[in-house]
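Trainee: Could you walk me through how to read a metal site and the strands around it?
Mentor: Let us look at the structure together and begin with the metal.

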Amino acid sequence: MDKIEHIGIAVKDLEASNSLFAKLLGVPHYKTEEVASEGVKTSFFKSGPNKIELLEATNPESPIAKFLEKKGEGIHHIAFAVDDIVAEIARLSEEGFVVLNETPKKGADNKLVAFLHPKGTNGVLVELCQEIKAG
Ligand code: ZN
């Protein structure tokens, strides 16, 4: 695994949180993206070399809606950049981690993503993400 790619934060109101994080970080978000398959709307901020992803649910069945219901707003996941997500999924499965997406899926921000079940990672939802290369 490579560096932390971003930290995902579940929010109730993306627009209000965009203003809040713009004040906090001193820069506005640089993109907003809806991932319909996941029932989320996301926005991204850069803080120096780091990225923050805010996630709002777009329907009550969304994993973010369920997270907010159970835990309220807060840190939802930590995403690590990987070079070869398929190899990393195989390695982590071999190590006994519960990979929620045996086949990586398309996430926000031009990434292929897969998640590890938080039960196997001390309660932290871990996202693996690999940049989708053009061509
Ligand atoms: Zn993420």
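Mentor: Donors are N, O and S atoms within 2.8 Å of the metal (3.2 Å for Na, K and Ca), and water is not among the atoms, so sites may look incomplete. This is a predicted model, in which local features need pLDDT of at least 70, side-chain atom pairs count only at pLDDT 80 or more, and totals for chains, interfaces and linings use all residues. Residues are numbered from 1 along each chain as its sequence is written, and side-chain values use heavy atoms, with hydrogens and water left out.

Trainee: Which residues coordinate the zinc ion?
Mentor: The zinc ion is held by H6 (NE2), E53 (OE), H77 (NE2) and E127 (OE), at 2.1 to 2.2 Å. Along the chain, these donors follow the spacing H-x46-E-x23-H-x49-E. Because H6 lies in strand β1 and H77 in strand β5, the pair ties together parts that are 71 residues apart in sequence; strands (E, at least two residues) are DSSP runs, numbered from the N terminus.

Trainee: Are H6 and H77 buried or exposed?
Mentor: Buried means under 20% relative accessible area, exposed over 50%, and partly exposed in between (1.4 Å probe, protein chains only). Both H6 and H77 are buried. In strand β1 (residues 4-10), 5 of the 7 residues are buried, so this strand is largely enclosed by the rest of the structure.

Trainee: Which strands pair with β1?
Mentor: Two strands pair if DSSP finds at least two bridges between them. Strand β5 (residues 74-81) runs antiparallel to β1, joined by 6 bridges, and within β5 the bridge partner of H6 is A79. Strand β4 (residues 50-57) pairs with β1 in the parallel sense over 4 bridges, where I7 stands opposite I52.
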